[in-house]
Amino acid sequence: MNETELQQKTNEASHRSNVYGLLAAVFGQEVNSDFLLQIKDPQFLGVLSELGVEFQDDFFKKSDTDLIEDLAIEYAKLFLGPGKHISPHESVHHQRQGGKWGQLWGDSTVEVKKFIESAGFEYQPEYKGIPDHISVEFEFMQQVTLSEARAWKDEDKEQALYCLKIEKKFIEEHLACWIPVFCEKVIQQAKLPFYRAMAGLSRKFTEFERKELIKEVM
């Protein structure tokens, strides 16, 4: 593999890591002022446009204060409750044959935690949430793809391929099994274009990754 090919692999893995990081941030907590400033940046909107994410022209016409409040209310209604909401945890949506699903701390929760830890990653000590939260799974993929990018940069093909195998296995056994269902529910229930767009991106990107990693890891 020549220098140009290695650089291309490095850039691709780094770009994918950035997308996973974005999705982890979107679903990890309510949009704050710093994140909103990043989202409204023309360069960032250009990147989102390349990924197929477009917001209606009037979406950003409100003041930042009002928009942050609207997004916080939407986030709470969609993912936190009280009342009927869409749980952002794999074990609730990952339908399993003969296994527990449809509830928090199901079989998938335990498997995700074991998968992440066996891959050499650790949950942050201050994290008190449930291990299979969507933001945790996206953040895990962010870190693995970042490790892949570093491996390509260091010309460590063996380590890069190891990372690719982890990515492929995690998508096939976890993300692809529940992200489409979860995202469809968000798209149907969200009132604001932001979370509909982010759910659409999550579903599209997960499927794209699944197909591409099949080609990479044979």
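This is a predicted model: local features need pLDDT of at least 70, side-chain atom pairs count only at pLDDT 80 or more; totals for chains, interfaces and linings use all residues.
Along the principal axes, the C-alpha atoms fill a box of roughly 50 × 45 × 30 Å.

Now switch to a cartoon view. You'll see nine helices and zero strands. Colour by burial next, and 44% of the residues come up as buried.

Time for the charges. Select the 26 positive and 37 negative ones; their mean positions sit 6 Å apart. Side chains of opposite charge can pair when their charged atoms come close. Here the structure holds twelve salt bridges, so let's visit a few of them.

First stop: select E111 and R96, whose side chains meet in a salt bridge at 2.8 Å, N to O. E111 belongs to helix α6 (residues 107-118), while R96 is in the loop between α5 (90-93) and α6, 15 residues away. Which of them is buried? R96 is, at 19% relative accessibility, whereas E111 is partly exposed at 35%.

Next, go to helix α8 (residues 157-189) and pick K168 and E172, four residues or about one helical turn apart. Their closest N and O atoms are 3.0 Å apart in a salt bridge.

Last stop: select R16, E148, E167 and E209, which are linked in a network of salt bridges.

Technical notes. Residues are numbered from 1 along each chain as its sequence is written. Side-chain values use heavy atoms; hydrogens and water are left out. Helices (H or I, at least four residues) and strands (E, at least two) are DSSP runs, numbered from the N terminus. Buried means under 20% relative accessible area, exposed over 50%, partly exposed in between (1.4 Å probe, protein chains only). Lys and Arg count as positive and Asp and Glu as negative; His and the chain ends are not counted. The place of a charge is taken as NZ of Lys, CZ of Arg, CG of Asp or CD of Glu. A salt bridge is a side-chain nitrogen of Lys or Arg within 4 Å of a carboxyl oxygen of Asp or Glu.
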